[in-house]
Amino acid sequence: MKYYLLLFITLHSLVQCKNQAKKHKKELVNKSFIKYAKGFDIIIDGNEKKLVLKRMSQAYNKRQTFILGNETNVFENKIKVPIQSIVLTSTNHIPILESLNTEPSLIGFPNTQYISSKITRDRIKKGKIMELGIKQEINTEKLINLKPDLVVGYSLHPNNKLYKYLKKINIPVILNSDWLEESPLGRAEWIKFFGVLYGKEKEADSIFSKIESEYLRVKSLVKDYRNKSTVISGNMFKDVWNVPAGNSYLALFFKDANLNYAWKDTQGTGSLNLNFESVLEKGKNADFWLNCGLFETMDQLKKSNYIFKNFKSFNNNNIYTIAHKKGETGGLIYFELSPMRPDLVLKDLIKITNPSLLDNYELTFFSKLK
């Protein structure tokens, strides 16, 4: 009897251990390392680490899964990590590489004149980064001769012919879609995308956590602030005024800065195409006009269209632009750095509209039109 009892206990323990192992494996498979971003995920599946791309473009939502390991096989979506060399196609990834101390791995880039970072510009001057032409027509021969471990393409204007050819010669391509993220912290979290490719997950997590913490801290400064300023944004092109829709990336910044954005109640995550009359009706009494396009002076703005004099923000000289802050070759710092540093964008907005809350802070991206 004791023998059967002992056998029963042993078998029961083995079944329990097996079930717990299955449960543990399932937990590992389903474990997500991403908090805000909607466009990618990093998961552990048994002994495999996987990078999952959830959305390549606005019209293409099919997932792509890349297995990160010790070999490259593009036909099996395998990428050898940590990568040692990379070709990028978007300037907003330059600050990420620099923050992870992986900028020496960048060996090629299209339109290098748009890169503003002094560190990377020095590498360009020394011939360590090859100019590859323009995004839509990258110089195929130059790129192939570089033999990068990875090409991070831009999914807004994918060069499909080139990318298919690179796959044939076993050079992996990932189409980046961070620009589709609808929240500031979601876009900033793409540093983890590069962290896992370089084997620097801990560093990426640490950097993002500091940005997240600072963003939330600054947001809390104005959370209960009752003196809301009314703001408008965007600018006219021909007869159409493009403004951020109510659920857009920029509108969320206005919300987190506790501002009364004129089109906060509209639907959509992109832009609204409005006529001047509707903008005048909603925005003529706005306290601030934030992000007026690429105008650099009030005189330029006035000459472009005399109707702007109908706005309170124009007459009170409360118009702010991103056009003043440039790199040495003319690249706009806002486009390069702001996706990674939403905390600084939020600080800018609060400094402009409630300066007393950030006494010692100087604007990073915006400046007043003069």
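Modeller: S229 lies in the loop between α8 and β12, the strand made of residues 230–233. The model is a predicted one. Is S229 buried or exposed? Its relative accessibility is 9%, and buried means under 20%, so S229 counts as buried. Leaving aside residues up to four places away in sequence, S229 touches L259, N260, D287, F288 and T353.

The crossing in which α8 passes α14 is left-handed. On the α8 side, the residues that meet α14 are I211, E214, Y215, R217, V218, K219 and V222. Their partners in α14 are P342, D343, L346, K347 and I350. Sorted by class, this contact has seven nonpolar residues, five charged residues and no polar ones.

Some other loops have backbone features to look at. Most residues other than glycine have a negative phi, and most peptide bonds are trans. N111 is not a glycine, yet its phi is positive, at about 55°. N111 sits in the loop between β6 (106–109) and α3 (118–125). With a relative accessibility of 14%, N111 counts as buried. N317, also not a glycine, has a positive phi of about 55°. The loop that holds N317 runs between α12 (312–315) and β18 (319–321). N317 counts as partly exposed, with 28% relative accessibility. The peptide bond that joins V81 and P82 is cis, with omega about 0°. P82 belongs to the loop between β4 (78–80) and β5 (86–88).

As for the whole chain, it has 14 helices and 19 strands. It is made of 370 residues, and 49% of them count as buried. Among contacts with a separation of 6 or more, 57% are between residues 24 or more positions apart. The accessible surface of the chain is about 19500 Å², and carbon and sulfur atoms account for 51% of that.

Terms used:
Residues numbered from 1 in each chain as written. Predicted model: local features only at pLDDT ≥ 70, side-chain atom pairs only at ≥ 80, totals over all residues. Heavy atoms only, no water. Helix = DSSP H or I, 4+ residues; strand = E, 2+ residues; numbered from the N terminus. Buried < 20%, exposed > 50% of the residue type's maximum accessible area, 1.4 Å probe, protein only. Contact = heavy atoms within 4.5 Å. Areas by Shrake-Rupley, 256 points an atom, 1.4 Å probe, with all protein chains shown as cover. Left-handed = near helix turned anticlockwise from the far one by under 90°. Nonpolar A, V, L, I, M, F, W, Y, C, P; charged D, E, K, R; others polar.
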